[in-house]
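Here are some exercises to work through with the structure open beside you. Try each task yourself before you read the solution.

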Amino acid sequence: MAITGILQIHISSTDVPAAVVFYRDVLGLDFLFEVPEQSMAFFDLGGTRLYIGRPESSDFESAPLLYFRVNDIESEYGRLLGHDVEFLSEPHKVHQTDTYELWLADFKTPEGHINVLAEERPV
């Protein structure tokens with residue numbers, strides 16, 4: 001197989017310094033580095049880089065829907081509410097298999113992108 005995984009995901013931002021505060025200080029993602037003169041910042045998501053930046057042109061604008069894996073969705077939901085994160089839904093079960101339940105909670109970033117907390121809870 002030629003494709004072996006995802007190296008990097010880009011999210012467009014009109015205010016990279018504010019996005020750094022949100023992704024680093026509110027969500028608690030591992031901050032790697034920032035390139036202020038190019039409006040770029042990078043985070044580590046378990047080996048995949050999250051690249052927050054101002055796109056070079058409208059052809060590269062992006063707003064991916066990210067599902068962030070968490071171990072305890074209710075605790076993370078409560079923690080983020082304490083940081084005034086706007087949620088579109090409370091934690092709720094959306095799927096169940098013989099081995100786990102999938103719980104989700106949708107939220108908005110300060111720029112209006114929608115992201116999701118996701119917990120695969122053992123049955």
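In the protein chain, residues 24 or more positions apart account for 50% of the contacts with a separation of 6 or more, where contact means heavy atoms within 4.5 Å. This is a predicted model, in which local features need pLDDT of at least 70 and side-chain atom pairs count only at pLDDT 80 or more, while totals for chains, interfaces and linings use all residues. Residues are numbered from 1 along each chain as its sequence is written, and side-chain values use heavy atoms, with hydrogens and water left out.

**Exercise 1. List the secondary structure of the protein chain.**

Step 1: Count the elements, taking helices (H or I, at least four residues) and strands (E, at least two) as DSSP runs numbered from the N terminus.

Step 2: Read them off from the N terminus: β-α-β-β-β-β-α-β-β-β-β.

**Exercise 2. Work out the strand order of the open sheet with four strands.**

Step 1: Recall that strands of a sheet pair through backbone hydrogen bonds, either parallel or antiparallel. Here two strands pair if DSSP finds at least two bridges between them.

Step 2: Follow the pairs across, and the order is β1-β4-β3-β2, with mixed pairing. At the edges lie β1 (8-12) and β2 (30-35), each of which pairs on one side only.

Step 3: Look closely at one pair. Five bridges join β2 and β3 (residues 40-45) in the antiparallel sense, and glutamate 34 has alanine 41 in β3 as its bridge partner.

**Exercise 3. Is leucine 80 buried or exposed?**

Step 1: Locate the residue: leucine 80 is found in helix α2.

Step 2: Compare its relative accessible area with the cut-offs: buried is under 20%, exposed over 50%, partly exposed in between (1.4 Å probe, protein chains only). Leucine 80 has a value of 0%, so it is buried.

Step 3: Find its partners. Leaving aside neighbours within four places in sequence, leucine 80 is in contact with Val26, Leu27, Val85, Phe87 and Leu117.

Step 4: Leucine 80 and phenylalanine 107 are 27 residues apart in sequence, yet 9.4 Å apart in space, C-alpha to C-alpha.
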